[in-house]
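Morning, everyone. I have one chain to show you today. Let me put it up.

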Amino acid sequence: MLFRLFIFVLMQAVLGLLGWFWLGWAGALLGVLAASISLLVIDSLRGHRFIRWAREPDLSAPPALRGLWGEAAYRVARSLRREQQRVRESAQRLEDFLTAIQASPNGVVLLDPDGRIEWCNDIAGRHFGIDPRRDLLQHIGNLVREPAFTAYYAGRNYEREVRLIGRASTRGHPVKLSVQLYPYGHGHKLLLSRDITALAQADAMRRDFVANVSHEIRTPLTVLAGFVETMQTLPLTEAERANYLNLMAGQAARMQTLVNDLLTLSRLEGSPLPSTSDSVDLAALLAQCEAEASGLSNLLHPADQRPQRLRFGAPPDFALAGVASELRSAFSNVINNAVRYTPGGGSIEVSCERLPDGRASVTVSDSGPGIAPEHLPRLSERFYRVDRSRSRESGGTGLGLAITKHVVQRHGGELQVSSQLGKGTRFALVFPAHRVRPLPVAERAAVA
Ligand code: ADP
């Protein structure tokens, strides 16, 4: 500033002196005036260039000006550059924020104070059948037309959620949504949607399970209570009392089996996955199953009637890594089922083999009544029975295959079933190669 003032005064002094030499006092006045006017013109030209640039500032080419206007141009360019940087950073932050919401497993819709869509993520698009680009600024009420939502939106009480049917629902696969509005800012609203189909299914399954367990326990309990009442109120002979006690013991045993199966299931659900370091001696395990199965077979089909043929193949030349008690319960469930459902005179075969791909399979085949194809996919559901009375008569709980499937899956394997009505059924428990272990040398020699 001082420098500019100095130049101004210097030019006036020089031109004033020149004028004074040339024309005397009038010349000096003219010289001073000419110096002032030329400085004014130069300044106006610079100012004009600055204003022309400032109208649409191009930060890559700021005007090369000297003096005050140059300083002003430099400062304006610098603050514009800072502003641009700030805008870029906030745009990036907004972009990151929207990408994060986009990645959310829930649907998110931002609504303006009039209920129009400002932004929504793809999940919300799928939940409500909205196009996240085309439907921007559409009123949410025009797009989500379910009466439950309309009433919820109009009610203005958003403290609770509302449950809706998702747009992706089909007849066989209903999609259930939990939707809630959260007001924010000045009249804006956040609409969150969550797919609760699996949760609702689990809830329904839990309710069914409790109802089934209650029903299964109530039946023998009612029978037991009836017998107790009879014994308390009626004068009975010794033979009758013995008979009733026998029947009561049967009902108590049925409840005990059911409770044991329930406990097994809950233990399976709550315990860690079987380790791969403990080898299970399959031969010993299957020998126990064989003894149990032939005891059951003799009980159900005494030798004087038509006995069953029970054949266990050669002991396996491999061991399995897993939990012995779990594997035993899985094998005995399938083997005992074959015994229970195959009529007298029928045959049951149990064998173990290594499959060409390295997996191992324990197979139980019977010549029983077989199972119709429509039942096969549901066999391992809890309490699912093809023939209810047959299952109960032979002491079934409806949980055996559920336990078996659980055990096999915990060991990384799969339960395969194939059956032909009237011809028989084949269950295969297939275990992955990484659980198959060679037998120790001494045991291999014994098998050979
Ligand atoms: P349950 O205790 O009733 O036997 P499971 O879960 O073990 O329950 O078996 C489910 C249903 O599968 C049984 O009720 C029965 O109808 C059918 N089932 C199982 N194994 C056989 C088999 N070997 N032959 C025919 N039906 C079978």
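Predicted model: local features only at pLDDT ≥ 70, side-chain atom pairs only at ≥ 80, totals over all residues.

Start with the fold elements. The chain has 13 helices and 13 strands. Now the dimensions. The C-alpha trace spans about 155 × 65 × 40 Å along its principal axes. The radius of gyration is 44 Å, whereas a compact globule of 448 residues would come in near 22 Å.

How is the chain divided? The domain assignment gives four pieces: domain 1 covers 2-98, domain 2 covers 104-195, domain 3 covers 207-271 and domain 4 covers 274-447. Look at domain 1 and domain 3. Their centres, taken over C-alpha atoms, are 103 Å apart.

Next, packing and surface. Of the 448 residues, 35% are buried. Take the contacts with a separation of 6 or more: 57% of them join residues 24 or more positions apart.

Charges, briefly. The chain carries 52 positive and 43 negative charges. Their mean positions lie 8 Å apart.

Now zoom in on Asn337. You will find Asn337 in helix 10, which runs over residues 324-341. Is Asn337 buried or exposed? Its relative accessibility is 12%, so Asn337 counts as buried; the cut-off for buried is under 20%. What does Asn337 touch, beyond its neighbours within four places in sequence? Asn337 is in contact with Ser332 and Leu401.

That is the tour. Over to you.

Definitions and conventions
Residues numbered from 1 in each chain as written. Heavy atoms only, no water. Helix = DSSP H or I, 4+ residues; strand = E, 2+ residues; numbered from the N terminus. Rg over C-alpha atoms; globule rule 2.2 N^0.38 Å. Buried < 20%, exposed > 50% of the residue type's maximum accessible area, 1.4 Å probe, protein only. Contact = heavy atoms within 4.5 Å. Lys, Arg positive; Asp, Glu negative; His and termini not counted. Charge placed at Lys NZ, Arg CZ, Asp CG, Glu CD. Domains from an automatic or database assignment.
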